[in-house]
Amino acid sequence: MKCPYCSNLDTRVVDSRPAEDGAAIRRRRSCDACGKRFTTYEKVETIPLIIIKKDNTREQYNRRKIENGIIRACYKRPVPAEEIERMADKIETMVFSLEEKEIPSSVVGEMVMDGLKDLDEVAYVRFASVYREFKDVNTFMDELKKILDQ
Ligand SMILES: [Zn+2]
């Protein structure tokens, strides 16, 4: 890290501590040439992620929406809150590891469906019925049959 006073490149970290509630690391550095000290902050790079909705409009990615979708599907089901939290974590990791700037909401929806399938069958069917917008009872029964056949 270049010294802001003399532009010398040889600087040393003399102190390191968490800042901003652990979201950043604050480092005190000392310049070997002029002896002056300065501070740097190291932060995780947050990529702004855009979700493309069904009607092609865009909105900022929001983890809350994933959580709410799972919570709604698991309403009155024996699914502990921490399981929901863990599933949201897993989906969020998958979403960000796609390393895309824009992701269709359907991709996220499929991830939620896959997760619910292992978590709770009723929650899965509930989510799928809203998400897939079953047009009639037959498509719904087809989907249900697919699950039961597995
Ligand atoms: Zn210096």
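**Figure 1. Salt bridges of Glu-59 with Lys-53 and Lys-65 in the predicted model.** Lys-53 and Glu-59 form a salt bridge whose closest N and O atoms are 3.4 Å apart; the term denotes a side-chain nitrogen of Lys or Arg within 4 Å of a carboxyl oxygen of Asp or Glu. Glu-59 also pairs with Lys-65, and here the closest N and O atoms are 3.0 Å apart. Lys-53 has a relative accessibility of 33% and counts as partly exposed. The model is a prediction in which local features need pLDDT of at least 70 and side-chain atom pairs count only at pLDDT 80 or more, whereas totals for chains, interfaces and linings use all residues. Residues are numbered from 1 along each chain as its sequence is written, and side-chain values use heavy atoms, with hydrogens and water left out.

**Figure 2. Salt bridge between Arg-86 and Glu-82 within helix α2.** The closest N and O atoms of Arg-86 and Glu-82 are 3.9 Å apart. Both residues lie in helix α2 and are separated by 4 residues, about one turn of the helix; helices (H or I, at least four residues) and strands (E, at least two) are DSSP runs, numbered from the N terminus. Arg-86 is partly exposed at 47% relative accessibility, whereas Glu-82 is exposed at 57%. Elsewhere, salt bridges that share partners link Arg-63, Arg-64, Glu-67, Glu-85, Asp-89 and Glu-92 into one network. A search of the whole structure returns 14 salt bridges.

Figure 3. For comparison, the ideal angle for four tetrahedral donors is 109.5 degrees. Cys-3 belongs to the segment before β1 (11–19) and Cys-31 to strand β2 (residues 24–31), so the pair ties together parts that are 28 residues apart in sequence. Cys-3 is buried, with 2% relative accessibility, and Cys-31 is buried, also with 2%. The count of disulfides, pairs of cysteine sulfur atoms within 2.5 Å, is 0.

**Figure 4. Aromatic pair of Tyr-61 and Phe-96.** The structure contains 1 aromatic pair. The ring centres of Tyr-61 and Phe-96 are 5.2 Å apart and the planes stand at 85°, so the pair is edge-to-face. Rings of Phe, Tyr and Trp (its six-membered ring) pair if their centres lie within 6.5 Å; planes under 30 degrees apart count as stacked, over 60 as edge-to-face and the rest as tilted. Tyr-61 sits in the loop between β5 (58–60) and α1 (63–73) and Phe-96 in helix α2 (residues 81–97), so the contact ties together parts that are 35 residues apart in sequence. Tyr-61 is buried at 13% relative accessible area, while Phe-96 is partly exposed at 29%.

Note on methods:
Buried < 20%, exposed > 50% of the residue type's maximum accessible area, 1.4 Å probe, protein only.
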